Amino acid sequence: MAKKTVATLQTSSKRLTKAIKMVKSPKSGAYTFVESVMTPELVNDWLNEK
């Protein structure tokens, strides 16, 4: 499962997006959230990778 956040960050001339995805831990089986700030073009690629 993945969720794209609605927050868009703007700094000077660059437009950045903060993406959060839920990842299941192989050891405990618990879910953790992984956050990353990147350009909007890279969000879908980042969410689709395992």
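Reader: Lys21 is buried yet has no salt bridge, so which side chain of opposite charge is nearest, by the salt-bridge definition's atoms or beyond them?
Author: This is a predicted model, where local features need pLDDT of at least 70, side-chain atom pairs count only at pLDDT 80 or more, and totals for chains, interfaces and linings use all residues. Residues are numbered from 1 along each chain as its sequence is written, and side-chain values use heavy atoms, with hydrogens and water left out. A salt bridge needs a side-chain nitrogen of Lys or Arg within 4 Å of a carboxyl oxygen of Asp or Glu.

Reader: Which backbone oxygen does the side chain of Lys21 reach at 3.0 Å?
Author: Look for a polar contact: N or O atoms within 3.5 Å, one able to donate a hydrogen and the other to accept it within protein, with sequence neighbours counted only if both atoms are side-chain atoms. The backbone oxygen of Glu49 lies 3.4 Å from a polar atom of the Lys21 side chain. The oxygen at 3.0 Å belongs to Trp46.

Reader: In what order do the elements of the chain run?
Author: Helices (H or I, at least four residues) and strands (E, at least two) are DSSP runs, numbered from the N terminus. The chain has one helix and three strands. From the N terminus on, the order is β-β-β-α.

Reader: How many bridges join strands E2 and E3?
Author: Strands pair if DSSP finds at least two bridges between them. E2 covers residues 14-24 and E3 covers residues 31-38. They form a hairpin with six residues between them, and Gly29 in the turn has a positive phi of about 80 degrees. Lys24 is bridged to Tyr31, and the antiparallel pairing has a bridge count of eight.

Reader: Which residue forms a salt bridge with Lys18?
Author: Side chains of opposite charge can pair when their charged atoms come close. The structure holds one salt bridge. Its closest N and O atoms are 3.2 Å apart, and the partner of Lys18 is Glu35.
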